[in-house]
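Please open the model in a viewer and keep the selection tool at hand.

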Amino acid sequence: MLSPSDILLIPFDDWVNTLVRDILVPNFRPFFRALQVPVTSVLNALDAFLQFVPMLVTTAVLALIAWRTVGRSMALFTLIALVFIDMIGLWPETMTTLSMILTSVLFCTIIGIPLGILAAGSNKLWAVTRPILDIMQTIPSFVYLVPIVMLFGVGMVPGIIATIIFALPPIIRLTNLGIRNVRGDLIEAAEAFGSTRWQILWEVQFPLALRTIMAGLNQTLMLSLSMVVIAALIGAGGLGLVVYTGLGRLDVGGATAGGVGIVLLAIILDRITQALGEQSGVRTPSLRQTLVSLFRARRAPTGETRETGS
Amino acid sequence: MQAKLNVRDVYKIFGEPTHDALERLKRGETKEQILEETGQVVGVQDASFDVEEARIFVVMGLSGSGKSTLVRMLNGLIKPTAGHILIEGDDVATCSAEKLRAIRRNKIAMVFQHFALFPHKTIAENVAYGLKIKGMGAAERRKQALAALDQVGLASWADSYPSELSGGMQQRVGLARALATDPQILLMDEPFSALDPLIRREMQEELLNLQKTLKKTIIFITHDLNEALILGDRIAIMKDGRFVQVGTAQEIVAHPADEYVSAFVADIDRGRVFTASHVANEPAAVQLSASAEEALRAMEELNRNALYVLDGEKIAGVVTYQDLSAAVRENGKGGGLAMVLLTEYPTAAEGAHLQDLYGLASTGLPIAVIDREGRLTGIVEPEAVFAQLSGEDRPQANGERDAEAATSDTRETGGAHAQPL
């Protein structure tokens with residue numbers, strides 16, 4: 001049976017090899033090295049800070065945040081989960097993972113939100129951005145792990161850069177979606193009162209899109225967590241490394257301990273960011289407001305007649 | 001009166017390029033032809049009008065007639081393809097973005113059909129939006145916002161959110177937001193269309209009441225002719241992007257320009273359009289000192305059943321032919337008018353709408369139209385009220401304006417009305 005490959009065999013892998021090894025690596029390595037500098041400094045500062053703060057203080061602060069944003073039961077869960085992590089001897093690794101995740105989420109936010117806003121304002125830019133995001137989300141992360149090592153070397157920071165590539169799409173997508181979904185007549189109203197573009201963005205679009213953007217942030221955070229083990233393959237530390245080492249040594253217990261740590265951290269961060277998202281953006285009336293509005297509605301008929309009578 | 005807003009030869013064509021379509025329009029091709037041949041949509045064609053200060057100009061049209069496009073061109077939300085829109089001499093159609101922003105901030109504000117309140121801001125913050133955009137400090141803008149809210153009777157809701165308010169209240173907030181920046185011109189894009197009929201009536205009255213003190217120049221868009229007739233000092237009827245007729249409520253109802261307008265006018269409430277002075281006769285009356293015979297003769301000459309009796313300038317009362325002739329038969333010719341004088345008589349102000357005269361007309365006595373000083377300025381025969389309602393202009397009614405045209409109209413529209421009614 002004739003197949004097209006009998007006629008022409010495209011050496012695609014050779015092309016890519018040439019591109020990366022012979023063009024990118026020798027010529028642009030300093031550039032990529034320079035790119036790491038901000039990531040390195042943020043990561044180091046965060047890691048140093050989280051390792052320095054005593055375990056009990058960090059636990060108390062996280063439990064307090066969980067209490068304020070989600071509720072009492074979540075605060076209790078946070079408390080127990082973090083104490084458990086400490087008891088299984090993984091506290092320093094957990095803090096390293098936390099600082100890695102926070103760093104990658106921070107950079108995803110810094111890159112993603114402005115890009116999402118720009119994409120929302122221009123159909124052309126979105127048409128270009130969209131397929132790139134599709135590729136970023138579907139390409140297996142192992143594929144870009146090798147060129148990342150070649151360009152950035154091994155260690156924590158290349159791991160974070162791989163994480164950023166993997167976790168960036170949702171926040172861009174959802175920022176774009178949130179901004180685009182702001183009701184047209186609200187933009188028109190803002191414009192009719194003489195708002196500048198910045199004022200429209202800041203006063204109307206961004207606050208109304210915030211709920212969707214927060215959902216994107218939550219997704220980005222979750223994806224970052226899921227990269228922890230893969231990033232460990234190229235030298236990132238933390239809980240991912242615990243799992244990876246366990247895997248290498250067929251140490252079921254060690255790998256499970258690391259895995260449990262990741263899951264617990266994931267639950268805590270997920271619940272907190274979800275609750276933050278629900279609080280922001282378009283207001284959903286809380287219980288208090290519902291009660292207040294009920295009370296007002298009952299009062300309203302008399303109020304109406306008084307107003308119209310005058 | 002000075003014109004606040006001048007609109008001259010404004011066209012709007014959607015789709016690029018527009019030159020070709022514009023040429024075709026000016027050559028007299030229709031909207032449909034142009035859409036078919038060039039794929040471009042004609043929004044507004046050849047609109048020209050002036051709105052004088054403190055007047056309400058209503059643009060009435062069905063959906064797709066271009067009225068929303070027109071109003072959006074007035075504050076530059078949509079840029080006209082051709083023409084000029086002058087607000088106190090500044091051309092909104094051609095001025096710089098910065099100038100346009102200054103005009104929007106200071107001179108012209110807008111009220112939207114679906115209220116367009118910002119759901120994440122409190123009522124007071126919504127009302128203060130225009131002030132915040134201008135850079136006013138927080139304390140002062142709250143003060144002004146509360147004052148604007150007070151005008152619409154919602155000051156106590158300042159710290160609620162829009163979702164907690166009913167539709168009618170939300171639109172009052174929309175109005176307050178537009179009033180807060182103290183603009184001279186108010187654009188209202190179907191502001192009451194999304195409200196239920198009762199609230200709509202209430203809002204219309206409130207707007208008219210507010211307008212008495214505010215004296216804004218208002219451009220009001222609606223698809224409801226009744227609303228247009230109630231609110232408008234002048235009304236433009238729009239169809240396919242062009243003005244079919246521009247005039248006062250009475251002009252439009254009495255003399256519709258074409259079949260399209262007559263079709264609208266056919267089922268509007270004429271009782272709310274025409275006033276007592278439109279159907280009043282000249283104030284024929286006799287003095288109290290006149291004899292019964294003179295009064296009877298006057299009634300026979302005027303062909304009326306009753307006559308007003310004046311005591312100098314003042315109205316003394318009314319005498320009916322029946323009472324007077326009976327009195328003459330019984331008492332001989334000597335008796336004066338005073339013995340059969342009815343001192344209870346119906347009166348109406350000159351500006352009273354016909355709908356307010358129905359009850360008065362049912363007394364059977366002619367209605368005295370009086371001015372502010374209580375002087376008799378006209379007389380409305382009960383039949384005249386109903387003749388006007390049925391759409392028939394009576395030649396002898398106070399229509400000195402082209403009595404001939406009115407009679408020819410009567411024949412035409414009379415026939416047209418006989419069937420649907």
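This is a predicted model: local features need pLDDT of at least 70, side-chain atom pairs count only at pLDDT 80 or more; totals for chains, interfaces and linings use all residues.

**Stop 1**

The order E11-E12-E13 of chain B makes an open sheet of 3 strands, with mixed pairing. Strand E11 (285-287) and strand E13 (314-320) of chain B each have a single partner strand and stand at the edges, so one side of each is left without a neighbour in the sheet. From one strand to the next, the twist averages 35°.

Next, select strand E12 (residues 306-311) of chain B and follow its pairing with E13(B), which is antiparallel and comprises 6 bridges. Within this pair, Leu307(B) is placed opposite Val319(B) of E13(B).

**Stop 1: the antiparallel sheet of chain B**

Move to the sheet ordered E2-E1-E4-E5 in chain B, an open arrangement of 4 strands with antiparallel pairing. Strand E2 (41-52) and E5 of chain B are its edge strands, each pairing on one side only. Select E1(B) and E2(B): their antiparallel pairing runs over 8 bridges, and Phe14(B) stands opposite Val41(B) in E2(B). Helix H1 (residues 19-27) of chain B packs on this sheet, where E1, E2 and E4 of chain B are touched by the helix. Its direction makes about 110° with that of E1(B).

Now select strand E1 (residues 3-14) and strand E4 (residues 82-87) of chain B, which run antiparallel and are joined by 5 bridges. Arg8(B) has His84(B) in E4(B) as its bridge partner. Continue to strand E5 (residues 90-91) of chain B, joined to E4(B) by 2 bridges and likewise antiparallel. Here the bridge partner of Ile87(B) is Asp90(B). Which residue in the hairpin of E4(B) and E5(B) takes a positive phi? Select Glu88(B), whose phi is near 50°; the hairpin has 2 residues between the strands.

**Stop 2: the domains of chain B**

Colour chain B by its domain assignment: domain 1 is 3-107 + 183-268, and domain 2 is 276-389. The C-alpha centres of these two domains of chain B lie 45 Å apart. An unreviewed UniProt entry gives the annotation "domain: ABC transporter" for residues 5-265 of chain B. Over that span the chain is 43% helix and 24% strand, with its end C-alpha atoms 28 Å apart.

Chain B has a mean pLDDT of 83, and 91% of its residues reach 70 or more. Residues 394-421 of chain B have pLDDT below 50, and this stretch has 25 contacts in the model beyond near neighbours in sequence.

**Stop 3: where chain B meets chain A**

Display both chains. Chain B contributes 33 residues to the contact, and chain A contributes 23 residues. Between them the chains bury about 2,700 Å², of which 57% is on carbon and sulfur atoms.

**Stop 4: chain A**

Finally, select residues 94-273 of chain A, where the unreviewed UniProt entry places "domain: ABC transmembrane type-1". This part of the chain is 88% helix and 0% strand, and its end C-alpha atoms are 18 Å apart. UniProt (unreviewed entry) also lists several spans of chain A as "transmembrane region", including residues 48-67 and 221-243. Residues 48-67 of chain A are 90% helix, with end C-alpha atoms 26 Å apart. For residues 221-243 of chain A, the helix content is 74% and the end C-alpha atoms lie 19 Å apart.

The mean pLDDT of chain A is 87, with 90% of its residues at 70 or more. In residues 281-286 of chain A, the pLDDT is below 50, and the stretch has 15 contacts beyond near neighbours in sequence. Residues 297-310 of chain A also have pLDDT below 50, with 9 such contacts in the model.

Note on methods
Residues are numbered from 1 along each chain as its sequence is written. Chains are lettered from A and ligands numbered from 1 in the order in which they are written. Side-chain values use heavy atoms; hydrogens and water are left out. UniProt positions are given in the numbering used here, feature names are shortened, and annotations may be inferred rather than shown by experiment. Two strands pair if DSSP finds at least two bridges between them. Axes are lines fitted to C-alpha atoms, for helices over the stretch in contact, and angles run from 0 to 180 degrees between N-to-C directions. pLDDT is the predictor's confidence in each residue, from 0 to 100. Contact means heavy atoms within 4.5 Å. Domain bounds come from an automatic or database domain assignment. Buried area is the accessible area (1.4 Å probe) that two parts lose on being put together, summed over both.
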